Amino acid sequence: MPATAALPYPALLSSDQVREREQALARTLPHYSLMARAGAATARLALAIAPHARHIWVVCGAGNNGGDGLEAAIHLQAAGKTVHISLQPSAGKALPTDAAHALQRAQAAGVPISDQPPAHFDLAIDALWGMGLRADRSTPAEGPVRAWLQRLLDTDRDVLCIDTPSGLLADTGAWLPWLAPLAPQAPRGRRVTLSMLALKPGLFTLQGRDWAGEVWLAPLLAQNPVWRCDQMPAAGIDAPSGTGQLVTQAQTPLPTHNSHKGLFGDVAVIGGQSASHDGQGMEGAAMLAASAALHAGAGRVMLHLLGSTPASPRPAGIAADIMLRSLEATRALRGSLVCGCGGGSLVAGVLPQVLQHAGSLVLDADALNALAAQPALQQMLQRRAAQASSTGPTVLTPHPLELARLLDSSTEQVQRDRIGAARQAAQQWQCLVVLKGSGSIVAAPDGRYAINHSGNARLSIGGTGDVLAGCIGAHLAALPPGSSWAEAWQPLLNAVWLHGHAADTWPPARMLTASRLARSLQRPG
Ligand SMILES: NC(=O)C1=CN([C@@H]2O[C@H](COP(=O)(O)OP(=O)(O)OC[C@H]3O[C@@H](n4cnc5c(N)ncnc54)[C@H](O)[C@@H]3O)[C@@H](O)[C@H]2O)[C@@H](O)CC1
Ligand SMILES: Nc1ncnc2c1ncn2[C@@H]1O[C@H](COP(=O)(O)OP(=O)(O)O)[C@@H](O)[C@H]1O
């Protein structure tokens, strides 16, 4: 396996894939090289992120993650820091060979090792458990290890995690079950994680975003560079097939000068059940999606409010650029269709037609709930996928509860393995799936997946999902009729990333609302 190869994006490797990579690399290198590089890279990053830290607490486990910590401790002491190691007892088992070697080196260098953590530290290095953490061996830690873990979770000091925050599962971003209740909602201090060899998906979704904090990669190459995950060079590490992708930017071609509105495609939004139907007006959701489509670059935007008639008054607040249209008129459109935002109970009635005739299709909110409730609609969705060359790609945009309904599962189960759940749905329905939340997962029918790196908790308010649906509609609108899901993949990633990016670049003093978010979206390119 070559040490480097051009990669258009930062790859995400499962723990099994990382282990294969480690073994392949280790076979080509002298003994102890990888741990020596891991420890040196950790020490270098520690000095860079906390240059003024004087007292450093290094918490080491009884595996190779601990070995990396021991090696880092040696470098930090040599750099003039006061270093204090706490080492997990190995419960009668021998340490792995490299970790045992690291321990000998630390002892020879005279780095103090004790069960008692220091009374004070400026920086902690979390080297307790990394990728070797097994979810199926979930017995609560006891004694000093439990106390160290709790201190790492509660501290307001900087924490540099080697490979993963201890207790966080590298493949899912979930805590070990017994640890979950002990972890505060969010860390009190700054967290930085240095991922070894490759980026792991669990650092970027569910609990990963908060607890891994700023993620860096040490690919453990000869020059031993470290890269921040959103600033990786184009030539990164080689990636086996079936790897995930971290989306850290949009990849959009520049629009040609000789453009016209027809090039950008049309978006029709169907949803927003009117209050006259059952007293519950939900027009706002569809209006948000339409506004997002408009601002994200659709050539023209049409809106059909469910339950409305040509005689219905135009609801206040709909931008003049948006055309109110009958359901039939939306059928004539060449572009994409966004269906379900605020769709209420009426959306189920229009779905058969929509599934049959729409080109690129985005199904959100009540459209997903209707699908989950009606097997006949699910069969139509499957038929649509089989005939995609005469229609177009379908994108489902569930939040965890909507996906749980679709999979006949529970929110907890979906969240326990967000990537697995999104991939399962993509495969089952032969659709593209965007599982929303902290670290949205985008999955395709062939098993590929991506995690979006943009976005933040300011998006956790009503209506931002409607904005996302409209934004995706705009990005898919220019696809030719009959496009495959593979052709929709990159425009979809762009839409998801730009939606989050709008929140990341939001002026701090200005309240983010869904309607403002929709208006802040920009045409790609
Ligand atoms: N695998 C790699 O790619 C490389 C590994 N390195 C380091 O080695 C680490 C992997 O090393 P290991 O495979 O030895 O694993 P770890 O050191 O991550 O974990 C092994 C330790 O965790 C304990 N453990 C596992 N599951 C547990 C659970 N549920 N509750 C409590 N204790 C549990 C084990 O008993 C063992 O003591 C990586 O995270 C990285 O830091 C680096 O040295 C360089 C290359
Ligand atoms: N903590 C977070 N970090 C990143 N994105 C988030 C976070 N919370 C919510 N979002 C995003 O905000 C949007 C919310 O969508 P959704 O739950 O459907 O809301 P609504 O139905 O009210 O529009 C999604 O795009 C989701 O990914």
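Modeller: Helix H1 (15–27), helix H2 (33–49) and helix H3 (64–78) each supply at least two residues of the shell around ligand 1; helices (H or I, at least four residues) and strands (E, at least two) are DSSP runs, numbered from the N terminus. This is a predicted model, in which local features need pLDDT of at least 70 and side-chain atom pairs count only at pLDDT 80 or more, whereas totals for chains, interfaces and linings use all residues. Residues are numbered from 1 along each chain as its sequence is written, while chains are lettered from A and ligands numbered from 1 in the order in which they are written.

The largest contribution to the shell around ligand 1 comes from H3, with 5 residues. A residue is taken as near a molecule if its C-beta atom, placed from the backbone, lies within 6 Å of it. Of the 29 residues around ligand 1, those that come nearest are Gly63, Asn64, Asn65, Gly130 and Gly132. By class, this shell has 14 nonpolar, 9 polar and 6 charged residues, where Ala, Val, Leu, Ile, Met, Phe, Trp, Tyr, Cys and Pro count as nonpolar, Asp, Glu, Lys and Arg as charged, and the others, Gly among them, as polar.

Around ligand 2 there are 18 residues, of which Lys436, Gly455, Leu459, Ser460 and Gly465 come nearest. Helix H17 (residues 464–476) gives the most to this shell, with 4 residues. The shell around ligand 2 divides into 4 nonpolar, 12 polar and 2 charged residues.

An unreviewed UniProt entry lists Ala285, Gly342, His399 and Asp466 under "binding site"; UniProt positions are given in the numbering used here, feature names are shortened, and annotations may be inferred rather than shown by experiment. His399, in the loop between strand S15 (394–396) and helix H14 (400–407), is in contact with Lys436, Gly437 and Gly465, leaving aside its neighbours within four places in sequence. Contact here means C-beta atoms, placed from the backbone, within 7 Å. Asp466 belongs to helix H17 and counts as buried, with 33 C-beta neighbours inside 10 Å. Beyond four places in sequence, Asp466 is in contact with Ala285, Leu288, Ala289, Cys341 and Ala514.

Leaving aside neighbours within four places, Val58 is in contact with Gly69, Ala72, Ala73, Val83, Ile85, Ile125 and Ala127.

In all, 16 residues of domain 1 are in contact with 17 residues of domain 2. On the domain 1 side, helix H6 (208–212) and strand S9 (244–247) give two or more residues, and S9 has the largest share, 4 residues. That side has 7 nonpolar, 7 polar and 2 charged residues.

Technical notes: Contact = placed C-beta atoms within 7 Å. Buried ≥ 20, exposed ≤ 12 C-beta atoms within 10 Å, placed from the backbone.
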